[in-house]
Amino acid sequence: MVKHIIIWTLKEMPDAEKEKVKAGIKEGLEALKGKIPGLVDIKVVTEGRLASSTGDLMLDSTFESAEALKGYSKHPEHVAVADGKVRPYTASRACLDFEI
């Protein structure tokens, strides 16, 4: 099994727009569960962030293998969400992939 963790910082925007963007990212990515081979679990954390946080939201996903993670990165449904709901609004991205 492989964990794929992403932390994004959003671009500067009004708070109301930021909340809408975070909700769209959460909805889009979590909707991929059951649609992509090898994707075991996927959750986007948008609430409960402490003041000590340096990112705006986090993706916590689990895959059957490194090969499944590679397939996810190229899967058309994932690419559509990434290109339409994530990349246009993010200023920075940090990633950590590891075996569990």
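Mentor: The radius of gyration is taken over C-alpha atoms, and the globule rule is 2.2 Å times the number of residues to the power 0.38. The model is predicted: local features need pLDDT of at least 70, side-chain atom pairs count only at pLDDT 80 or more, and totals for chains, interfaces and linings use all residues. Residues are numbered from 1 along each chain as its sequence is written, and side-chain values use heavy atoms, with hydrogens and water left out.

Trainee: Why does the radius of gyration of the chain agree with that of a compact globule?

Mentor: For 100 residues the rule gives a radius near 13 Å, and the chain has 13 Å; therefore the two agree. The C-alpha trace spans about 40 × 25 × 20 Å along its principal axes.

Trainee: Why is Lys-33 called partly exposed?

Mentor: Buried means under 20% relative accessible area, exposed over 50%, and partly exposed in between (1.4 Å probe, protein chains only). Lys-33 has 44%, so Lys-33 is partly exposed. Of the 100 residues of the chain, 38% count as buried.

Trainee: What makes the place of Lys-33 a loop, and between which elements does it lie?

Mentor: Helices (H or I, at least four residues) and strands (E, at least two) are DSSP runs, numbered from the N terminus. Lys-33 falls between helix 1 (15-30) and strand 2 (39-45). The chain has 3 helices and 4 strands, in the order β-α-β-β-α-α-β from the N terminus.

Trainee: Which residues does Lys-33 touch?

Mentor: Contact means heavy atoms within 4.5 Å. Leaving aside residues up to four places away in sequence, Lys-33 touches Leu-39, Val-40, Asp-41 and Ile-42.
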